[in-house]
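Let's take a walk through a protein model together. Have the picture open while you read, and look back at it as we go.

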Amino acid sequence: MTTTTIAGHEVEVNEEGFLTKPEEWTEDLAPELAQLIGLQLGEEHWKLIRFLREDYAAQGETATLRRVSTQTGTPVKTLFTLFPGKPAKKMAYVSGLPKPKGCV
Amino acid sequence: MTATDTAPVVVPSFDDDAGTGRKLAIICSKGNLDMAYPGLILANAAVGEGVETHMFFTFWGFDIITKATMADLKFSFVGNTAMHPPGHSGMGIHHMLGALPGATAAATKMMKKQIADLDVPDVPEFLELLSGSGVHMWACRMSADMNHVTEEDLYEGVEGIISASDFIELTDGAQLLFI
């Protein structure tokens, strides 16, 4: 675990760069985290990020891709467009959450 | 502590694999419920990791993508000496009990419930998930001919009925799983 500075906030991250304390995440971190992985956030991204944050607070674990899709009514295809390549991990990263643990 | 005291930002290497052209080929040759899921789950995991994923459904695996059968795959524990009730109490169930009338229906019902309890979709919905995620699905030409099945009979996400050699050709360089 190391402490780093993102968007002017000191946050604790793991060796991969994921925030280790979800409570240290604030909305102004998201655009910066997104930019670090080459993404520009739009309203559609924000809708998903907010869902991920709320769902994590309620469930205690990061939603899987399928859960994000079914719970927000977003087609999986759209998730792959908004967060290309590895959507579940990218969404978690930008939202300051751990990688999802579920298989599906 | 000031900003200059903290470590430089580490960024996850999300796109490192993108340029490597990693591919996975999964051959699904069995049509039992318990043999369908490993392929579906691994395909979903691979595509979610940015891996180009191709599935080839052959022989009994055809049932996974045939509209008439895909929602009704079954689990029988005949011949499965590892069969036991959910959990690991140490108690087993003799596999030949699976040959009794109704045993397959009961075991199938139980397995489907366990899968649903984990919020894992049933087979038709799983195919939708894979298709939406960009998994390529192919049906085996010989199996189609043996079963007198055409593309009309298959799940819409299946891209085509192709020969084994065509599949080998289009998965050039892929890692391969045979299930």
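How much of chain A is buried? Of its 104 residues, 37% are buried. Here a residue counts as buried when 20 or more other C-beta atoms lie within 10 Å of its own. Keep in mind as you look around that this is a predicted model.

You'll pass through the pattern β-β-α-α-α-α-α, which gives 5 helices and 2 strands in total. The radius of gyration of chain A is 13 Å, close to the 13 Å that the globule rule gives for 104 residues, so chain A is as compact as a globular protein of that length. If you like to think in boxes, the C-alpha atoms of chain A fill one of roughly 35 × 25 × 20 Å along the principal axes.

What about contacts inside chain A? Take the ones between residues at least 6 apart in sequence: 45% of these join residues at least 24 apart.

Next, turn to the place where the two chains meet. On one side there are 24 residues of chain B, and they are in contact with 28 residues of chain A. Which elements of chain B give two or more residues to its side? They are α1 (33-48) and α4 (123-133) of chain B. The largest share comes from α1(B), with 4 residues.

Notes: Residues numbered from 1 in each chain as written. Chains lettered and ligands numbered in written order. Predicted model: local features only at pLDDT ≥ 70, side-chain atom pairs only at ≥ 80, totals over all residues. Contact = placed C-beta atoms within 7 Å. Rg over C-alpha atoms; globule rule 2.2 N^0.38 Å. Buried ≥ 20, exposed ≤ 12 C-beta atoms within 10 Å, placed from the backbone.
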